[in-house]
Amino acid sequence: MASVALKLLRSPLIGRFGGTGSGLMVIGGGARSRALPLVRTFAEKAGEAGSQKSGGGDGGGRLISAVIGAAAGAGGYYFFLNWQKGNNPSCEKTESPRTKYQKVYDDIAKILEEDSNYDYGSYGPVFLRLAWHASGTFDKVSGTGGSLKATMRFEPESKHDANAGLHVAREKLEKIKQKYSWISYGDLWTLAGVVAIQQMGGPIIPWRAGRVDGTASECTPDGRLPDGANPTPQHARDIFYRMGFNDQEITVLIGAHTLGKCHSERSGFEGPWTASPTSFSNSFYTELLQKTWVEKKWNGPKQFEDKETGELMMLPADMVFLKDKEFKKWVEIYGKDESKFFTDFAQAWKKLIELGVTFKEDTPEFKFKVL
């Protein structure tokens, strides 16, 4: 009988204090009026039994009061829980990490093309470059650099020549950081790179969280990133071998030059590598192989343009991948097989953005849905 009464006391909430939307819930009066007689009847029966057993004259009364008090307390507690749940966000069901990071992914994706006046209408290429340059400073010998600490936030690293123009990406992503203050800059920047690749038609990139914000004292020295003006295969190998990559991985990562363009006010170079700079594909390799490349005649640094249109460009460091036998072998493979390029790029990119990061053993790996 008491259980029936308590169920009635917990019956559906049908009213609100303070008007619509106040969040203060009350139990319907009809349910309470039906519950209280049941509670009293139960208490009286229990009281009689208790009185006969104990021989006391007021045991029943005390039990009646106790049961009614307990019932009222149960109703009050139920009221409190519903009020607290409605007015305290921390009482809501905790989101899964996958859901949390998918929301960050989605919000980054939404700002990729919000400015039609910026570089073919997309921030995707500069987000990718930010993730790449934040990660590509890793030194496997010293264990320093990489995306772990996001030290490009500080000078002198932010002022390194190779990072010219990346303030655009950092500033653009700052409003995402303000909304999701719990995410580290290293996680935010590398996730933005994943967003850029996937939203522009590239492969799905597995991603893990776990980077922490570092300090200015942990900035990496200048010279750890590739120099586009250097025309020697050894330079590319020195840079990438230091990180732990081999020739195949070097060649597949350079395929990211299918996206974006160079800006003369930043690097000195000018122009896009491909005719589709906001679409992730194997176009870098096909353009490199199929076009005739001649030195550009202009007042800027040495670079190459396609003889056919003069609208595309290659850096001296890009031309290395035509001249070096081992590099060219992979250029030809990826130029013929975009599917293999996507598969190998996803693996190499995941390796790149995790350089120098020690993840906890149970750190989940996410594959995000394209928006």
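Me: I take a helix to be a DSSP run of H or I that is at least four residues long, with the helices numbered from the N terminus. In which helix does D247 lie?

Reply: This is a predicted model, and what follows is computed from it. In the model, D247 belongs to helix α9, which covers residues 247–254.

Me: Is D247 buried or exposed?

Reply: The general idea is to compare the relative accessible area with a cut-off, since a residue counts as buried when the value is under 20%. D247 has a relative accessible area of 12%, so it is buried. Setting aside residues up to four places away in sequence, D247 touches R237, Y241, E326 and F327.

Me: How should I read the packing of two helices, and at what angle do the axes of α6 and α7 cross?

Reply: Two packed helices are described by the angle between their axes together with the distance between those axes. For helix α6 (residues 167–179) and helix α7 (residues 185–199), the axes come within 11 Å and cross at roughly 115°. Angles from 65 to 115 degrees count as roughly perpendicular, so α6 is roughly perpendicular to α7. Their crossing is right-handed. On the α6 side the meeting residues are R170, L173, E174, I176 and K177, and on the α7 side they are Y185, L188, W189 and A192.

Me: Which residues of α5 meet α6?

Reply: V126, F127 and L130 in α5 meet A169, R170, K172 and L173 in α6. Helix α5 (residues 124–135) packs against α6 at an angle of about 100°, with the axes 9 Å apart, and the two are therefore roughly perpendicular to each other. R170 and L173 of α6 meet α5 and also meet α7.

Me: Turning to strands, in what order do those of the open sheet stand?

Reply: A sheet is read through its pairings, and two strands pair if at least two bridges are found between them. Here three strands form an open sheet in the order β5-β6-β7, with antiparallel pairing. β5 (293–295) and β7 (313–314) are at the edges with a single partner strand each, so one side of each has no neighbour in the sheet. Three bridges join β5 to the antiparallel strand β6 (residues 304–306), and W293 stands opposite D306 in β6.

Me: How many helices and strands does the whole protein have?

Reply: There are 13 helices and seven strands. Of its 371 residues, 48% count as buried, while the protein exposes about 18,400 Å², 52% of which is supplied by carbon and sulfur atoms. Among contacts between residues at least 6 apart in sequence, 68% join residues at least 24 apart.

How values were computed. Residues are numbered from 1 along each chain as its sequence is written. This is a predicted model: local features need pLDDT of at least 70, side-chain atom pairs count only at pLDDT 80 or more; totals for chains, interfaces and linings use all residues. Side-chain values use heavy atoms; hydrogens and water are left out. Buried means under 20% relative accessible area, exposed over 50%, partly exposed in between (1.4 Å probe, protein chains only). Contact means heavy atoms within 4.5 Å. Accessible areas come from the Shrake-Rupley method with a 1.4 Å probe; for residues, only the protein chains shown count as cover. Axes are lines fitted to C-alpha atoms, for helices over the stretch in contact, and angles run from 0 to 180 degrees between N-to-C directions. Angles under 35 degrees count as roughly parallel, over 145 as roughly antiparallel, 65 to 115 as roughly perpendicular and the rest as oblique. A crossing is left-handed if the near helix is turned anticlockwise from the far one by less than a right angle, and right-handed if clockwise.
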